[in-house]
Amino acid sequence: MRGDIVRQTYEIKCIAPVHIGSGEELRTFEYLYDRDKLEMSLLHESKWLAFLDARGLTDAFIKYIEIEGQGNRSRNLLEWLTANRVTEADLRKAGVIRRRVPVAMLSEKKYRNRKPNLNKVVCHLVRADNAHPYIPGSTIKGALRTGILYHLIRKDPARFRAYWQEISSVKGSLKEKEHKWNEIILRLEQELLHTLTYEDTERGDAAASALRGLSVSDAMLVGCVAKAPTVIVQKIDATTLIKPGEKRGESPIVLFRECIPADSRLRFTITANLPMLHAAGIDSLPSVLNMLRAYTLDGLTRQQRVFEAIDAKYYGDLFADIGKYKANALLGGGTGFLSKTLTYALADKETDARRFAAAYFDEQFTNPSHKHRETDTQLTPRTLKRAQTDGADWLMGLCSITGVGNAETV
């Protein structure tokens with residue numbers, strides 16, 4: 001019937017840098033990095049190899065890679081090219097450079113004047129036609145799905161206590177446990193969302209999922225105030241573990257991500273089949289956004305409570321962005337465990353969820369120094385995922401999703 005299907009345009013405001021990995025991870029000999037300009041250049045692989053062959057540098061480049069592999073790095077690729085009398089003009093003429101991306105410096109006072117030495121760089125999804133970044137509809141729908149599940153569990157927690165007891169009692173190796181946990185969560189999702197009834201359709205069939213009534217388009221870039229549509233950002237964590245003599249715990253990691261810059265805007269549409277959604281107890285599209293916001297704020301509030309107790313003024317500025325920009329989502333990679341898990345929603349008590357997560361991290365990260373069960377007395381995981389860009393400090397992936405105009409019937 002007319003009115004059963006509605007379409008609404010939404011806008012994502014990137015309060016902080018957002019990273020959606022393309023699966024492309026570049027090592028130091030696969031890109032150019034100009035430390036003076038703080039600029040990284042991505043290469044056309046076929047043109048790059050042809051250029052090396054034309055300049056008689058293929059064998060020398062292979063030797064350079066071997067040195068890199070042995071951990072004896074002394075020069076980045078741009079410095080190696082300069083030593084081999086290759087200029088930027090040569091590269092431009094050969095069409096070797098695919099695109100250029102600015103590199104942000106850390107904002108933390110003790111790192112502020114250090115130009116980063118790039119290591120592995122994880123690239124962002126970009127459109128092949130114009131190199132503009134985007135956020136896939138599947139990423140947005142995945143975040144909405146988690147928010148919906150969180151809402152439905154919190155609405156009647158006693159109903160799902162058996163699931164938590166089953167999750168808590170799983171034994172075996174970490175791989176075996178993860179496999180079993182996935183099976184349990186799948187059954188939970190099927191109970192909550194596989195509510196459509198068709199002839200010859202069973203609960204486990206994808207056709208029975210009420211979320212078939214939610215179609216989400218890719219979010220395309222419509223506004224960017226930064227000098228380029230993406231930026232390279234170093235991974236940096238705040239941690240509850242504080243070294244003697246230090247006021248806070250900060251941990252920069254030698255991993256870099258290509259991100260959509262803060263203050264960028266992207267637009268997408270959601271098409272909703274309301275009768276399908278109603279079958280799972282979902283009233284409207286605005287209610288779906290409210291569910292996502294509640295889930296997002298639950299995790300952020302846990303972190304805010306702990307980190308503001310460490311340094312209220314310093315960390316308070318980070319969390320002030322949530323209210324200031326009406327944040328309701330954490331999107332993309334590098335946002336942390338609390339942005340993706342239902343553990344805290346399912347557990348009987350927060351302490352139970354923390355102990356469970358601490359045991360999981362001690363199995364996942366075998367480095368003895370982690371000691372999550374021993375040291376995570378306030379929060380697990382004990383880190384706050386951040387993104388720093390030339391003086392600014394953000395909660396990685398923090399976004400605000402708002403409707404644009406009125407919904408239309410289809």
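**Exercise 1. Describe the ring pair of Trp48 and Phe61.**

Step 1. Trp48 and Phe61 are both buried (under 20% relative accessible area, 1.4 Å probe, protein chains only). The model is predicted: local features need pLDDT of at least 70, side-chain atom pairs need 80 or more, and totals for chains, interfaces and linings use all residues. Residues are numbered from 1 along each chain as its sequence is written, and side-chain values use heavy atoms, without hydrogens and water.

Step 2. Rings of Phe, Tyr and Trp (its six-membered ring) pair if their centres lie within 6.5 Å. Planes over 60 degrees apart count as edge-to-face. Trp48 and Phe61 are 5.5 Å centre to centre, with 85° between the planes. The pair is edge-to-face.

Step 3. Trp48 lies in helix α1 and Phe61 in helix α2, so the pair ties together parts 13 residues apart in sequence. Helices are DSSP runs (H or I, at least four residues), numbered from the N terminus.

**Exercise 2. Describe how α7 and α12 cross.**

Step 1. The axes of α7 (residues 174-193) and α12 (residues 350-364) come within 11 Å and cross at roughly 135°. Axes are lines fitted to C-alpha atoms over the stretch in contact, with angles from 0 to 180 degrees between N-to-C directions.

Technical notes
Helices (H or I, at least four residues) and strands (E, at least two) are DSSP runs, numbered from the N terminus. Rings of Phe, Tyr and Trp (its six-membered ring) pair if their centres lie within 6.5 Å; planes under 30 degrees apart count as stacked, over 60 as edge-to-face and the rest as tilted. Buried means under 20% relative accessible area, exposed over 50%, partly exposed in between (1.4 Å probe, protein chains only).
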